[in-house]
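This report describes the fold, packing and selected residues of one protein chain. The sequence and the model are shown first, and the description follows.

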Amino acid sequence: MIKVESIARPDGARRGPAEFYDALHSGQRSVALDFGSAPDRALLTRLVTSADLVVEASRPRALRRLGLDAEALVDAGVSWLSITARGRRSDRVGFGDDIAAGAGLSAIDDGIPVPCGDAIANPLTGVMAAAEAAEALLDSRARLIDISMHDVAAAAAAGPPAPHSVHHRGEQWWLDCDAGVFPILEPTRRTATGTAPALGAHRLESLL
């Protein structure tokens, strides 16, 4: 897996806790390019056209300015997974909390709207994207996958929930539903398997 970043605007997560960034990106290769440079854009195009799957979360017009046309690349045999706030036809931006609230994925506590989870649209969309990516890699034909965070959150919020109850027994919370009775586990910390590479640790020319 190759992570491509802009030299001018690298991934903001690099400024956060190193342990978190390592958990997300250890084992990857890091390439940093100057998107304002024609030679670097040409290298980016070569990398993308050689990929099995491209995963990105930019508005289509931003990538077209770099010479990357998702539809044309899919026609050339590259699968493309696009994550946006409201789909590729929209130019709007969004974040996990506001997207979830706008899609109806919220609860009421003493008459006050509250989030159903911390930026819940982000992990829900991530799970959907991971499943779609795995399916695309198994397909012999390239595909363009358009994942809207709003649509994912709206689907999660739609309709009445399946009949269920939550109860506490001993030191454990349990979920009782038609499928059975299941323990509600405490969250566990995900530990990194290694250290994420420094920005631009790998030369793109050597990866082509």
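In which sense do E3 and E4 pair, and over how many bridges? The pairing of E3 with E4 is parallel and runs over 4 bridges, where two strands count as paired if DSSP finds at least two bridges between them.

## Basis of the description

The model is a predicted one, in which local features need pLDDT of at least 70 and side-chain atom pairs count only at pLDDT 80 or more, while totals for chains, interfaces and linings use all residues. Residues are numbered from 1 along each chain as its sequence is written, and side-chain values use heavy atoms, with hydrogens and water left out.

## Overall architecture

The chain contains 8 helices and 10 strands; helices (H or I, at least four residues) and strands (E, at least two) are DSSP runs, numbered from the N terminus. Its C-alpha trace spans about 60 × 35 × 35 Å along the principal axes. Of the 208 residues, 30% count as buried, a term that means under 20% relative accessible area, with exposed meaning over 50% and partly exposed the range in between (1.4 Å probe, protein chains only).

Among the contacts in the chain with a separation of 6 or more, 66% are accounted for by residues 24 or more positions apart, a contact being defined by heavy atoms within 4.5 Å.

## The parallel sheet and serine 79

Three strands form an open sheet in the order E3-E4-E7, with parallel pairing. Strand E3 (53–56) and strand E7 (144–148) stand at the edges with a single partner strand each, so one side of each is left without a neighbour in the sheet. Neighbouring strands of this sheet are turned by 10° against each other on average, direction ignored; the axes used for such angles are lines fitted to C-alpha atoms, for helices over the stretch in contact, and angles run from 0 to 180 degrees between N-to-C directions.

Serine 79 belongs to strand E4 (residues 79–84) and is the bridge partner of leucine 53. With a relative accessible area of 4%, serine 79 is buried. When its neighbours within four places in sequence are left aside, serine 79 is in contact with Asp52, Leu53, Val54, Ala136, Arg141, Ala142 and Arg143.

## The E8–E9 hairpin

Strand E8 (residues 164–169) and strand E9 (residues 172–177) pair in the antiparallel sense over 6 bridges, and histidine 167 stands opposite tryptophan 174 in E9. The two strands E8 and E9 form a hairpin with 2 residues between them, and glycine 170 in the turn has a positive phi of about 65°.

## Helix packing

The axes of helix H6 (residues 121–138) and helix H7 (residues 149–157) come within 9 Å and cross at roughly 100°. On the H6 side, Ala121, Asn122, Leu124, Thr125 and Met128 meet Met149, Val152, Ala153 and Ala156 of H7. By class, this contact has 7 nonpolar, 2 polar and no charged residues, where Ala, Val, Leu, Ile, Met, Phe, Trp, Tyr, Cys and Pro count as nonpolar, Asp, Glu, Lys and Arg as charged, and the others, Gly among them, as polar.

Histidine 150 is also found in helix H7 and is buried, with a relative accessible area of 17%; not counting residues up to four places away in sequence, histidine 150 touches Ala85, Arg86, Ile99, Gly102 and Ala103. In helix H1 (residues 18–25), Tyr21, Asp22, Ala23 and His25 are buried, and the buried residues of H1 pack against strand E1 (2–6). Just after H1, glycine 27 takes a positive phi of about 85°.

## Cysteines and an exposed leucine

The structure holds 0 disulfides, a disulfide being a pair of cysteine sulfur atoms within 2.5 Å. Cysteine 116 is in no disulfide, and the nearest cysteine sulfur, that of cysteine 177, is 18 Å away. Cysteine 116 is partly exposed at a relative accessible area of 44%, and cysteine 177 is partly exposed at 23%.

Leucine 185 is placed in the loop between strand E10 (180–184) and helix H8 (204–207), and at 65% relative accessibility leucine 185 counts as exposed. Leucine 185 and leucine 81 are 104 residues apart in sequence and 31 Å apart in space, C-alpha to C-alpha.
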